Amino acid sequence: MTATITRNVKAEAGDDVRRRMTWRVRLRHDKSLIIMTLPALALIIAFNYLPMFGTVTAFQYYDYISGFFASPWAGLDNFRQLFRDANFWHALENTLLLSFVQLALYFPVPIALAIMLNSVLSSKVRSFFQAVVYLPHFFSWVLVITLFQEMLGGAGVLNHFLRINDLGTWDVMTNPDTFKYLVTAQAVWKEAGWGIIVFLAAIAGINPSLYEAAAADGAGRWRRMWHITLPGMRGVIVLMLVLRLGNALSVGFEQFLIQRNAVGAGVSEVLDTYSYYYGVVGNNYGVGAAAGLFKGVVSLILILAANKVAHALGEDGLYRRSK
Amino acid sequence: MTTTSARPVWEEKPTFLGQLGKGGSLAVVLLLILIPLYCVIITSFSTQASINEAGGIVIFPAHGLTLQAYSEMLSGGVVTRAMIIALGVTLAGTAVSMVVSVLCAYGLSRQNSLGHRTILLTFIVTMFFGGGLIPTFIVVANLFNGYEQYWALILPSAVSVFNILIIRAFYMSTARDLIDAARIDGAGDWRILWSVVLPTSKAVTAVMTLFYGVGYWNSWFNVMLYMPANESKWPIQYVLYEYVNQGAFMPGAPAAHDVAGHAQPAPLALQMAVVVLTLIPIMIVYPFMQKHFAKGALTGAIKG
């Protein structure tokens, strides 16, 4: 322990000395560290920053041959066309609706699962349960939707059972009216199990003596959950909520793309699929990029705003206030 | 957590109804996940007779099990090629991602090193704002000529800033004392990374390898974006999408060569075999990684 402390003191003293060195000396000293970051930096610049500057497409009549640099400028024409397109507003409406349904029906599931699993005493049961519920997180969307199709689709297990018992059929997979619940069910099946990890960690961080004191004061099982477990998870719950709200405009892109043929574009069109079909498939890169830029800017505002709210509630949120 | 913890003395005895409700709910959750997997696996091994009798997906195979669907799928043709492509992309991509991420995480792990704050900020900005789908597509397909190139499935998504931050947090907390000690002993940074940091952070390396690997194995939209028309370049996920999910007719599937007297595997069994094949690599790697989740992924994610 003392050894660690002296070492840290030495390291900190070293940092102070280093701060007073000229950048030439520092460069020689930290050269290898900087070189190590270069491959990642190059990839980030090529595939994240270049596309960021590529958003100029949203202000161009982009054509494939002229590229970014020679395509004629369009001013705000692409946005004018975008905002006049009823399909765009429809996609935005779908996005918000699906986001809201998922927030209401998906968000509480991992919290409830984590609290329930935490009350299981047998470690064998716990680790088996965790091993099983984490698994679907590692499946692709194509696989998950195929599984749903084989279970609930027109030729699936459910409808076969209904048919042989003369109960009619119930084709969940192609019904546009229930699509929002279907995709939420798929999201719960795939991700809710994995989602419990952070909540389990939060519960594990709660001081057990709090429970003992509460029990001594006569608080029952449910009161302890309400007054100790849930407040103990508050920080993580707020963090997850901030992330969820910040991503309100990105609801499962692949999930909708895969099921588009089954339920139709009417209910499955979200901002991302709109951008894809308008831009890549329809060759209208300018409008597609304008939709993407609109989404990017609104998402940025959402995440900053959600984080502000988290700070107002006295939580850390996504990043800390001062550092 | 390895042994069963006893019930604390102050806790009240559970009621029978409560136990029943809890056990029941946990069992339902488990069954909801396991039943679909069981059905798909069993159907892929089923004979045509079992499938006819069940009228589709098989739950109780009445007429024995067969490997026919798999020998058909793996004896060359679309699925075999797609498996090899997917494995190749996954191995190459994971290698690139891990080397780049580990180097970068270590490069950013020392406080007050020159430029580390600026570089870190450059990475973090991309978590909040991105160019979006269309500009990325144009950069990859048009600017770098990545259309129908395998690297287009790897390089654009090779770096995950989130993963780098997790690895970095791990190096800064767990391995810190060892790094400081090695530095005082005069070891260079490459040396420290190779013989001090990597051997002591196997958990985070394992978990990140799994995350990247699964990402490449599961990638589907990249294929739709960069090589939708070139069937000979499709990895297994896209084959699953096109021939099983969307029900397109698979070239080289049994109907194409009807040999009299030769028992053909059932079409549904073939489709389910494709599903199982996409599952297998995950099922193989998963048990080895599972024990690291709590340790590796968590400490990093929460503290990061």
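Trainee: Which residues in α2(A) meet which in α4(B)?
Mentor: A:Leu33, A:Ile34, A:Met36, A:Thr37, A:Pro39, A:Ala40 and A:Leu43 meet B:Val100, B:Ser101, B:Leu103, B:Cys104, B:Tyr106 and B:Gly107. Contact means C-beta atoms, placed from the backbone, within 7 Å. The contact has ten nonpolar, three polar and no charged residues. Gly counts as polar here. This is a predicted model: local features need pLDDT of at least 70, side-chain atom pairs 80 or more, while totals for chains, interfaces and linings use all residues. Residues are numbered from 1 along each chain, with chains lettered from A and ligands numbered from 1 as written.

Trainee: How many residues of chain A are in contact with chain B?
Mentor: 83 residues of chain A are in contact with 84 of chain B. On the chain A side, α2(A) gives the largest share, 19 residues. That side has 49 nonpolar, 22 polar and twelve charged residues.

Trainee: Which residues touch the most other members of the largest nonpolar core?
Mentor: The core has 147 residues, and B:Leu240 and A:Phe199 are among those that touch the most others. Beyond its neighbours within four places in sequence, B:Leu240 has contacts including A:Val142, A:Leu143 and B:Val274. Another core, of five residues, lies apart, with A:Val238 and A:Ile303 among them.

Definitions and conventions
Two residues are in contact if their C-beta atoms, placed from the backbone, lie within 7 Å. Helices (H or I, at least four residues) and strands (E, at least two) are DSSP runs, numbered from the N terminus. A nonpolar core is a set of buried Ala, Val, Leu, Ile, Met, Phe, Trp, Tyr and Cys residues joined through C-beta atoms within 7 Å. A residue is buried if 20 or more other C-beta atoms lie within 10 Å of its own, exposed if 12 or fewer, and partly exposed in between; C-beta atoms are placed from the backbone.
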